[in-house]
Amino acid sequence: MPPRPVVQQGQTLRVWQRRALMEYLRGKREDFLAVATPGAGKTTFALRVALELFGDGTVDNLTVVTPTEHLKTQWAQAAARVGIDLDAGFRNSDVHAAADFHGTVVTYAQVGIAPAVHKRRTLTRRTLVVLDEIHHAGDSKSWGDGVKAAFEPAVRRLMLTGTPFRSDDNPIPFVEYERGPDGIARSRSDTVYGYSDALRDGVVRPVIFLAYSGETRWRTSAGDELAARLGEPMTQDLIAQAWRTALDPTGDWMPQVLRAADARLQNLRAGGMPDAGGLVIASDQQSARAYAKVLGEISGEKAVVVLSDDVGASGRIAAFAASAERWMVAVRMVSEGVDIPRLAVGVYATSASTPLFFAQAIGRFVRARRTGETATVFVPSVPHLLELASELEAQRNHVLGEPKTKDGFDDDELARANREEKASGELEKTFEALSATAELDQVIFDGATFGVPAQTGTPEEEEYLGLPGLLTPDQVSALLSKRQAEQVAAERRKSPTTATAAPEAPPQPRTAGERRIVLRRQLNTLVAAHHHRTGLPHGKIHAELRRLCGGPPSAQATIEQLEERIATIQTL
């Protein structure tokens, strides 16, 4: 056996980690669920717990279970830095771990295939099991049953997750569920450190979402040509088809958005983040390769392509993380667990829209390295995505027995997002994208929307692409409010200032889309004015209006809902 690991001098913890550690050590519970936003330091917390339990003799073995092979290496490296040697190469066929390690790192798939192997190891030594991203234990019945069977005999079980919810009713092993007054069972966490907490403490970066709309045209299997504006109210089928058209690599929408994203990356690199990296999250392999080619033409530098079924994918991720290369394009390997702190610009170019996948994807950009760093994520102006972006700080728990439509969960979409990334020939036969153009629709930050539509390549768009990269959350809100006020003032200057031109003529009717833009702009102006009077953050003001009036975030609100909120804020 190697020497028992101990806490070393200089191993400092963040405030939330110290509080969570005190809660853990005070309770001495067999099962402990720690929920912390991506980038907050769950791994550091778990390893400190392990050191404490090794030190007082509670355990003499550590088993870490992860969702992916890539994470096994990350865990082993992190553990080695604090004096814990973990075998990341353990295979089920080995049966017994090597005696010169303090434990092993395995995947949920390994455990699901041979739970008896891992149960035997758990029985022979007093074991702490760390279940990383524990919600994955419910991915399949074999995984959940395997984890429960293998680690029931463990002395302690520490569950970690940044997204403590699932898209289905599969119970998560070892997680406690409590039934509320409404009769619905929800997962119970022992310690929670959410994105809003981490943002306040400077542990994570503020995320600025740039939502792009635009005109799209496509042909159906019946030969009909349809056109729609991305982001306008329409049926779910039309939204999905317009969305797919926008993401088509052969159209103009993606190249225009990628050009804007590369411009934003260049500004961040020139403004205090010289090694800032960008990540495009694609739906499938074919699109990923096409996006990488476009990025190469735009930036003049070859983009790194990472596909999960390629040999050496984990190595390419690690190499990109340690380099100063500008762009990486990937599919599902970035949805969770990929640790690349220098990622600061993202392009959400996938059709996956579940809260789980979205939260995991955005989690790749929030890890803070120094005070003031910001992240920027480009998203299609799709109502459900805009709602998720507006509610980035919302806390969710795993719910058993609740209708999925209430929270927008969609098992089929998550399955599509995480399946093998191959182009869907079936879909190609029934759908043909014809054209799409991009337009900056709005900026979302802290639950509030800013800005008015701006064509790509215009000075108005450049105003937002050129935002400083080193800003505090308060500075981001103040600067976005200032930019919006300047936009509104500029539009007023362009409008006729006299009433001499046919004052008796009635105002020209507006389309529904134009009316929504005008109302959204008016609401944002009133919110900004209320902010200056009261000092309340824009997001809190929007949240209070939603509480009073009901309805979704303003990015998806109907004309009637916007009008009601405008009337309400004028009375506050």
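At what angle do the axes of helix H2 and helix H3 cross? They cross at roughly 55° and come within 10 Å. This is a predicted model, in which local features need pLDDT of at least 70 and side-chain atom pairs count only at pLDDT 80 or more, while totals for chains, interfaces and linings use all residues. Residues are numbered from 1 along each chain as its sequence is written, and side-chain values use heavy atoms, leaving out hydrogens and water.

**Helix H2 with helix H3**

- Helix H2 covers residues 42-55 and helix H3 covers residues 69-81; helices (H or I, at least four residues) and strands (E, at least two) are DSSP runs, numbered from the N terminus.
- H2 and H3 are therefore oblique to each other, given that angles under 35 degrees count as roughly parallel, over 145 as roughly antiparallel, 65 to 115 as roughly perpendicular and the rest as oblique.
- The axes are lines fitted to C-alpha atoms, for helices over the stretch in contact, with angles running from 0 to 180 degrees between N-to-C directions.
- H2 and H3 have a right-handed crossing, meaning that the near helix is turned clockwise from the far one by less than a right angle.
- H2 brings Thr43, Ala46 and Leu47 to the contact, and H3 brings Trp75, Ala78 and Ala79 (contact means heavy atoms within 4.5 Å).

**Helix H5 with helix H6**

- The axes of helix H5 (residues 115-124) and helix H6 (residues 141-151) come within 7 Å and cross at roughly 25°, so H5 and H6 are roughly parallel to each other.
- The crossing of H5 and H6 is right-handed.
- On the H5 side, Pro115, His118, Lys119 and Thr122 make the contact; on the H6 side, Gly146, Ala149, Ala150 and Phe151 do.
- By class, the contact of H5 with H6 has four nonpolar residues, three polar and one charged.

**Salt bridges**

- There are 24 salt bridges in the structure, each a side-chain nitrogen of Lys or Arg within 4 Å of a carboxyl oxygen of Asp or Glu.
- Arg157 and Glu30 form a salt bridge (3.5 Å, N to O).
- Arg157 lies in strand E6 and Glu30 in the loop between helix H1 and strand E1, so the pair ties together parts that are 127 residues apart in sequence.
- Arg157 is buried at 2% relative accessible area, whereas Glu30 is partly exposed at 48% (buried means under 20% relative accessible area, exposed over 50%, partly exposed in between, with a 1.4 Å probe and protein chains only).
- Another salt bridge pairs Arg205 with Glu373 (2.9 Å, N to O).
- Arg205 sits in the loop between helix H7 and strand E10, and Glu373 in the loop between helix H12 and strand E16, 168 residues apart.
- Both Arg205 and Glu373 are buried.
- Asp262 and Arg326 also meet in a salt bridge (2.8 Å, N to O).
- Asp262 belongs to helix H9 and Arg326 to the loop between helix H11 and strand E14, 64 residues apart.
- Asp262 is buried at 2% relative accessibility, and Arg326 is buried at 14%.

**Pro274**

- Pro274 is found in the loop between H9 and strand E12, and counts as exposed at 59% relative accessibility.

Key:
Nonpolar A, V, L, I, M, F, W, Y, C, P; charged D, E, K, R; others polar.
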